[in-house]
Amino acid sequence: MEALLRKELDTELLKATGHIGGGCINQGQSYDTDRGRVFVKINHKPEAKQMFLGEMGSLEAILQTGTVRAPKPIKVIDNPAGGAMLVMDHLDIRSLNRHSAKLGEQLADLHLHNRKLRDKLTKESGFVGKGPGQSEIQYVDKFGFDTVTCCGYIPQVNDWHEDWVTFFACQRIQSQMNLVEKTTGDREARDLWSQIQVMVPDLFVDMEVVPALLHGDLWGGNVGEVETGPVLFDPASFYGHSEFELAIAGMFGGFGSSFYSAYHAKIPKAPGFANRIKIYQLFHYLNHWNHFGIGYRSSSLSTMRSLLKR
């Protein structure tokens with residue numbers, strides 16, 4: 001792999017640092033090169049290149065907002081041994097601790113970034129010589145993303161759609177339900193979803209959902225900090241409802257009260273927040289069921305039942 005990195009990065013690989021990491025899906029290792037230290041994520045699955053291209057696009061989109069720090073991606077490389085590698089700048093990331101509140105603030109800034117672009121664009125359109133066609137502001141007015149992203153290793157459909165409820169129901173929950181049906185044929189899950197599906201629009205009555213750039217998989221294992229502040233990594237980004245981001249954050253812990261207080265100081269909870277969080281968590285329980293098996297069936301079904309009792 002060292003020779004491949006040398007060729008692909010057009011740089012001399014000086015030495016492996018011996019720092020090896022990664023999560024439950026990928027492995028990773030840091031290297032010192034003449035362009036600085038880089039971190040290389042490795043996955044041998046056939047779908048690894050698609051997964052890493054989606055992660056690279058996600059990191060680039062987050063970095064372009066200038067709101068929160070993330071590793072800067074460099075290149076996706078085919079692995080001759082199978083799969084692919086994602087090369088990015090190395091950051092000395094440690095567990096989130098003293099920058100928890102700052103992460104809440106910066107995550108809210110990330111979610112508000114597109115709305116602020118819209119507001120600025122609207123303001124500019126009121127001046128002579130200014131308008132959507134002449135402004136450099138790139139406001140995104142639909143839900144989706146320019147490329148496929150993966151939450152875990154499962155590809156997400158990110159086709160652009162003007163309506164959030166339709167996007168979420170069809171391209172998030174239904175996609176996961178299709179996999180559950182294909183692999184398990186679970187009749188109870190199918191019947192519960194058929195009842196919930198018709199009530200989803202009721203959760204968004206009198207709400208304006210402005211597309212927000214999301215990390216997309218914001219659990220405690222995908223955040224950390226460096227000396228100067230918080231860091232996001234391993235994203236599965238798309239433009240969606242900002243509340244979606246907080247669903248998995250509340251499922252597995254890792255975020256203290258200072259994080260939530262700082263976040264909601266900038267984006268207060270809207271009426272119906274608790275029920276919408278349940279249906280957003282349903283996506284993640286189903287995604288975990290499809291990744292890790294029947295152990296997540298109970299959580300998926302109990303979440304469905306609680307939505308029907310609201």
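Trainee: Are Phe255 and Phe259 buried or exposed?
Mentor: Phe255 is buried, and Phe259 is buried as well. Keep in mind that this is a predicted model.

Trainee: Which aromatic pairs are there, and how many?
Mentor: The count comes to 16 aromatic pairs. One of them is Trp164 with Phe238, a stacked pair with 6.4 Å centre to centre and 10 degrees between the planes.

Trainee: Where do Trp164 and Phe238 sit in the chain?
Mentor: Trp164 is in helix 4 (residues 164-183) and Phe238 is in strand 11 (residues 238-240). They are 74 residues apart, and the pair links distant parts of the chain.

Trainee: Buried or exposed, Trp164 and Phe238?
Mentor: Both Trp164 and Phe238 are buried.

Trainee: Back to Phe255 and Phe259. Why is that pair tilted?
Mentor: The ring centres of Phe255 and Phe259 are 4.8 Å apart and the planes stand at 45 degrees, so the pair is tilted. Stacked would need planes under 30 degrees apart, and edge-to-face over 60.

Trainee: Which residues form the aromatic cluster?
Mentor: Phe143, Trp164, Phe167, Phe168, Phe204, Phe238, Phe244, Tyr280 and Phe283 form one cluster. Trp164 and Phe238, the stacked pair, are among them.

Trainee: Which residue lies over the face of Phe238?
Mentor: Arg172 does, at 4.2 Å from the ring centre. Elsewhere, Lys45 lies over the face of Tyr153, at 5.1 Å from the ring centre.

Trainee: New topic. How many salt bridges does the structure hold?
Mentor: It holds 16 salt bridges. One of them joins Arg94 and Glu225, with the closest N and O atoms 3.7 Å apart.

Trainee: What does the Arg94 and Glu225 pair tie together?
Mentor: Arg94 lies in the loop between strand 5 (84-89) and helix 3 (100-124), while Glu225 lies in strand 9 (residues 223-226), so the pair ties together parts that are 131 residues apart in sequence.

Trainee: What about Arg118 and Glu208?
Mentor: Their side chains meet in a salt bridge at 2.7 Å, N to O. Arg118 is in helix 3 and Glu208 is in the loop between helix 5 (187-197) and strand 8 (212-214), so this pair ties together parts 90 residues apart in sequence. Glu208 counts as exposed, at 52% relative accessibility.

Trainee: Which residue does Arg276 meet in a salt bridge?
Mentor: Arg276 meets Glu243, at 2.6 Å from N to O. Arg276 lies in helix 8 (residues 273-292) and Glu243 in the loop between strand 11 and helix 6 (245-249), so parts that are 33 residues apart in sequence are tied together. Both Arg276 and Glu243 are buried.

Trainee: Which residues do salt bridges with shared partners join into one network?
Mentor: Arg94, Arg98, Glu225 and Glu227.

Trainee: On to the largest nonpolar core. Which residues touch the most other members?
Mentor: Trp164, Ile279 and Met304 do, in a core of 59 residues. Helix 8 gives the largest share, 8 residues. The core draws at least three residues from each of domain 1 (13-94) and domain 2 (95-309).

Trainee: What is Met304 in contact with?
Mentor: Leaving aside neighbours within four places in sequence, the contacts of Met304 are Met177, Ala189, Leu192, Trp193, Ile196, Leu282 and Leu286. There is also a second, separate core of 10 residues, including Phe39, Ala48, Ala84 and Leu86.

Trainee: Last one. Where does Thr149 lie?
Mentor: Thr149 is in strand 6 (residues 149-151), and is buried with a relative accessible area of 0%. Beyond neighbours within four places in sequence, contacts of Thr149 include Gly54, Ser58, Ala236 and Ser237.

Methods:
Residues are numbered from 1 along each chain as its sequence is written. This is a predicted model: local features need pLDDT of at least 70, side-chain atom pairs count only at pLDDT 80 or more; totals for chains, interfaces and linings use all residues. Side-chain values use heavy atoms; hydrogens and water are left out. Helices (H or I, at least four residues) and strands (E, at least two) are DSSP runs, numbered from the N terminus. Buried means under 20% relative accessible area, exposed over 50%, partly exposed in between (1.4 Å probe, protein chains only). Contact means heavy atoms within 4.5 Å. Rings of Phe, Tyr and Trp (its six-membered ring) pair if their centres lie within 6.5 Å; planes under 30 degrees apart count as stacked, over 60 as edge-to-face and the rest as tilted. A charge sits over a ring if NZ of Lys or CZ of Arg is within 6 Å of the ring centre and within 35 degrees of the ring normal. A salt bridge is a side-chain nitrogen of Lys or Arg within 4 Å of a carboxyl oxygen of Asp or Glu. A nonpolar core is a set of buried Ala, Val, Leu, Ile, Met, Phe, Trp, Tyr and Cys residues joined through side-chain atoms within 4.5 Å. Domain bounds come from an automatic or database domain assignment.
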